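Here is a short briefing on one protein chain. Please look over the sequence and the structure before reading the notes.

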Amino acid sequence: MTTLLVRNATVLVTMDGARREIAGGGLFARDGIIEQVGPSEALPATADKVLDLSGHVVLPGLVNAHHHLDQTLTRNLPAAQNVNLFRWLTAHYRLWAARTPEASRTATLVGLAELALSGCTTCFDHAYVFRNGCAVDDQIAAAREIGLRFMVSRGSMSLGQSRGGLPPDDCVEDEDEILKDSARVIARYHDAAPGSLLQIALAPCSPFSVTPELMRDSAALAREKGVRLHTHLAETIDEERFTLERFGKRPVAYMEELGWLGEDVWFAHGVHVNAHEISCFAGAGVGVCHCPSSNMRLASGIAPVKAYRRAGVKVGLGVDGSASNDGNNLLGEARQAMLLARLQIALRPPEGPDTTLSTADPSRDHEWMSAREALELATLGGASVLGRSDIGALAPGMCADFFALRLDDVAFAGGLSDPVAAALFCSPGRAAFTYVHGRPVVSHGEVVTIDLPAVVAEHNTHAARLAALSGGA
């Protein structure tokens with residue numbers, strides 16, 4: 001058995017039930033599981049590995065609850081820089097279908113490395129384009145290389161353009177083959193045990209790219225095998241028009257008809273919802289992953305995160321595909337969530353609150369999203385939507401997933417009266433250390449589990465080939 005002692009942090013943020021922030025704090029872990037958290041002087045004096053984090057703020061590892069790692073291959077594509085979701089997707093579908101297993105490996109490594117450098121320790125990836133020799137197995141192998149905690153979907157698209165869907169017919173799959181491979185991936189890889197480093201979800205892509213039959217069959221298979229369900233929902237007005245015209249229902253009502261409102265389900269985005277639909281999510285135990293940068297990048301709208309939380313809906317954060325974000329910085333995403341929620345309280349209805357009171361009015365103080373609330377979304381919130389009770393906080397029995405920021409970084413200069421809030425109010429910097437299950441992925445600001453420069457060089461070669469296919473090289 002191996003032990004880890006972290007000590008002398010300027011402040012250690014626990015996110016435990018009491019939301020303790022411990023000056024001079026630390027933790028003691030054995031085999032990747034925390035046994036003690038508290039002031040450094042109250043912890044054991046020695047361990048196999050001792051990490052002195054004087055001058056650092058230590059936080060629970062961030063949880064990315066929605067991503068598309070393969071899209072790291074098509075960041076900043078000229079044809080998709082200034083368009084909304086549907087036009088953005090049509091510019092990308094065939095490029096993603098043209099990737100190779102080798103390209104998928106480097107995309108996964110680059111994306112997860114960037115995430116780790118932003119303090120992320122757990123990532124859910126929504127993969128769904130597989131008619132190219134690629135498989136979920138490629139991403140799983142890459143995640144094991146770099147060492148992040150990984151949850152990945154055997155996603156799917158089955159509704160091509162000839163049948164009224166958005167993706168080209170040559171980018172969708174046969175539904176029987178989808179379900180067969182879904183069962184294979186679950187049987188081979190899913191680990192439901194506490195502390196698991198790898199879990200599988202089933203994730204038909206969206207209402208406009210899969211059939212109702214596949215949605216129902218995927219839900220039945222997931223519930224038979226005990227894995228979670230995920231899809232994009234209520235992201236844009238275009239999607240809402242699609243479900244109204246095709247099914248006569250708004251997206252949330254359509255999901256309810258399919259049996260997709262339940263505690264084992266979380267949706268990405270959830271931007272265009274009304275008060276009744278928020279209530280439906282809360283009553284069914286549905287989770288939502290908020291993706292603020294992507295929603296801004298594609299002009300999709302602002303998700304009602306504060307309204308969700310008031311209603312008791314589980315809410316986490318996602319970077320979303322780095323071709324609709326162009327980055328993989330989850331700490332930066334938490335900052336965006338905080339700022340976007342503040343912008344929303346200044347808007348008029350229906351986007352903003354139904355009030356004529358100035359944002360200066362003290363009665364509206366509860367509407368402001370604080371830095372600590374945003375950090376909670378990125379930690380405990382993400383854990384909750386992924387159905388994990390063993391990550392998202394630093395407490396006995398939890399996984400030893402954490403990251404540390406150097407407080408002598410120029411980005412924090414002048415902001416140390418509140419080091420915890422500085423992590424978001426000041427420009428989020430690179431993590432000095434990121435540990436997953438008690439093992440370092442980032443040390444002294446560098447990824448230590450892979451040869452990142454070599455991976456980046458190979459990745460750029462794969463990305464250039466895809467860009468050339470779009471005329472964007």
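**Overview**

The end C-alpha atoms of residues 57-409 lie 11 Å apart, and this span is 40% helix and 15% strand. Helices (H or I, at least four residues) and strands (E, at least two) are DSSP runs, numbered from the N terminus. The unreviewed UniProt entry annotates residues 57-409 as "domain: Amidohydrolase-related". UniProt positions are given in the numbering used here, feature names are shortened, and annotations may be inferred rather than shown by experiment.

This is a predicted model: local features need pLDDT of at least 70, side-chain atom pairs count only at pLDDT 80 or more, and totals for chains, interfaces and linings use all residues. Residues are numbered from 1 along each chain as its sequence is written, and side-chain values use heavy atoms, with hydrogens and water left out.

**Helix H11**

- Helix H11 covers residues 330-344. Its 15 residues should span 21 Å at 1.5 Å a residue, and the end C-alpha atoms are 21 Å apart, which agrees. The expected span is 1.5 Å times one less than the number of residues.
- Buried residues in H11 include Leu330, Leu331, Gly332, Glu333 and Ala334. Further along H11, Ala337, Met338, Leu340, Ala341 and Gln344 are buried too. Buried means under 20% relative accessible area, exposed over 50%, and partly exposed in between (1.4 Å probe, protein chains only).
- An α-helix has 3.6 residues a turn, so residues three or four places apart point the same way.
- Asparagine 329 caps the N-terminal end of H11. A side-chain oxygen of asparagine 329 lies 3.2 Å from the backbone nitrogen of leucine 331.
- Arginine 246 lies in helix H6 (residues 237-247). Arginine 246 is partly exposed, with a relative accessible area of 38%.
- Arginine 246 and glutamate 333 are 87 residues apart along the chain, and their C-alpha atoms are separated by 34 Å.

**Helix packing**

- Helix H2 (residues 101-117) packs with helix H14 (residues 452-470) at an angle of about 130°, and their axes are 9 Å apart. Axes are lines fitted to C-alpha atoms, for helices over the stretch in contact, and angles run from 0 to 180 degrees between N-to-C directions.
- H2 and H14 are therefore oblique to each other. Angles under 35 degrees count as roughly parallel, over 145 as roughly antiparallel, 65 to 115 as roughly perpendicular and the rest as oblique.
- H2 passes H14 in a left-handed crossing. A crossing is left-handed if the near helix is turned anticlockwise from the far one by less than a right angle, and right-handed if clockwise.
- H2 also packs with helix H3 (residues 136-146), at an angle of about 40° and with axes 9 Å apart. That makes H2 oblique to H3. The crossing of H2 and H3 is right-handed.
- The axes of H3 and H4 come within 11 Å and cross at roughly 25°. H3 and H4 are therefore roughly parallel to each other. Their crossing is right-handed.

**Buried side chains and contacts**

- Histidine 68 sits in the loop between strand S6 (62-64) and helix H1 (85-97). Histidine 68 counts as buried, at 6% relative accessibility.
- The side chains of histidine 68 and histidine 66 are joined by a polar contact of 3.2 Å. A polar contact is a pair of N or O atoms within 3.5 Å; within protein, one must be able to donate a hydrogen and the other to accept it, and residues adjacent in sequence count only if both atoms are side-chain atoms.
- Arginine 154 is in strand S8 (residues 149-156) and is buried, with a relative accessible area of 4%. Its side chain makes a polar contact with the side chain of aspartate 181 (3.0 Å).
- Methionine 157 lies in the loop between S8 and helix H4 (175-189). Methionine 157 is buried, with a relative accessible area of 0%.

**Backbone exceptions**

- Most residues other than glycine have a negative phi, and most peptide bonds are trans.
- Proline 349 and proline 350 are joined by a cis peptide bond, with omega about 5°. Proline 350 lies in the loop between H11 and helix H12 (371-385).
- Asparagine 76 has a positive phi of about 60°. Asparagine 76 is in the loop between S6 and H1 and counts as partly exposed, at 48% relative accessibility.
- Histidine 444 has a positive phi near 50°. At 65% relative accessibility, histidine 444 counts as exposed.
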